Amino acid sequence: IIDKGMTQGIELGSPVVDDSGVLGQVTRVHPLVSEVTLVIDRELAIPVLNVRTGARSVAYGDPSIGGNGLELRFMGSNSDLQVGDLLTTSGVDGVYPPGLPVAKISKIERAESAFAKIYCAPQALVSSARHVMVVTPVSSQIPPRPEPPAAAPPKKKASK
């Protein structure tokens, strides 16, 4: 819960960051307070970019990993990933601006299956953040799509 709400201009879906990285997203807005869903919540997914390789993926909250973690799902066992790789927001979702630190890869389990299990540690202080910044969603900064031109009225056939 943060101490700012509708009266201070907080919008539903706004990204929330601390000085270390992405903390979560505003999921409920009340007049004086707002609720933030943390990146470690299993209901939250963030499109990420591996800074070292440029590969895109989606980080899902996974609180079962030591109480506060994320995981990359559906990454092939032969993916070019290393422990310590930094994952940042990719900016493709229209919510988070690109380049905000999200997590670092902390453990990779390459099994005989097609997919590896990739565990990540969040960069933000998810359990002890005291000061946060609410960012305007990227989608609200994009101008609206222009209206298509009006269709011309059908021409009358000339009579002879």
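This is a predicted model: local features need pLDDT of at least 70, side-chain atom pairs count only at pLDDT 80 or more; totals for chains, interfaces and linings use all residues.
Residues are numbered from 1 along each chain as its sequence is written, and side-chain values use heavy atoms, with hydrogens and water left out.

View 1. Welcome to a protein chain with 10 strands and zero helices; helices (H or I, at least four residues) and strands (E, at least two) are DSSP runs, numbered from the N terminus. Of the 160 residues, 38% are buried, where buried means under 20% relative accessible area, exposed over 50% and partly exposed in between (1.4 Å probe, protein chains only). Take the contacts (heavy atoms within 4.5 Å) between residues at least 6 apart in sequence: 52% of them join residues at least 24 apart.

**View 2. Gln 25 and its contacts.** Here we look at strand β2 (residues 22–29), where Gln 25 is found. Gln 25 counts as buried because its relative accessibility is 15%. Setting aside neighbours within four places in sequence, Gln 25 is in contact with Gly 13, Ser 14, Pro 15, Val 16, Glu 35, Val 36, Thr 37, Leu 44, Val 95 and Tyr 96.

**View 3. The aromatic pair.** The structure holds one aromatic pair; rings of Phe, Tyr and Trp (its six-membered ring) pair if their centres lie within 6.5 Å, and planes under 30 degrees apart count as stacked, over 60 as edge-to-face and the rest as tilted. The partners are Phe 74 and Phe 115, with ring centres 6.0 Å apart and planes at 85°, so the pair is edge-to-face. Phe 74 sits in strand β6 (residues 70–76) and Phe 115 in strand β9, so the pair ties together parts 41 residues apart in sequence. Phe 74 counts as exposed at 60% relative accessibility, and Phe 115 as partly exposed at 44%.

View 4. About 290 Å³ of space lies in the largest pocket. Of its 14 lining residues, the closest to the centre are Ile 1, Ile 2, Leu 23, Ala 129 and Val 132. On a 1 Å grid over the protein atoms alone, a pocket is an open set of points with protein on both sides within 12 Å along at least five of seven lines, a cavity is a set where a 1.4 Å probe fits but cannot get out, and lining residues have an atom within 4 Å of a point. The pocket lining divides into 10 nonpolar residues, one polar and three charged. Arg 130 lies in the loop between β9 (115–122) and β10 (133–134), and counts as exposed at 76% relative accessibility. Arg 130 and Ile 2 are 128 residues apart in sequence and 9.6 Å apart in space, C-alpha to C-alpha.

**View 5. The largest cavity.** About 30 Å³ of space lies in the largest cavity. Its lining is made up of Val 48, Leu 49, Asn 50, Ala 55, Arg 56, Ser 57, Leu 72, Met 75, Leu 81 and Leu 87.

Technical notes:
Grid points are joined across faces, edges and corners, and a volume is the space filled by probe spheres set on the points. Ala, Val, Leu, Ile, Met, Phe, Trp, Tyr, Cys and Pro count as nonpolar, Asp, Glu, Lys and Arg as charged, and the others, Gly among them, as polar.
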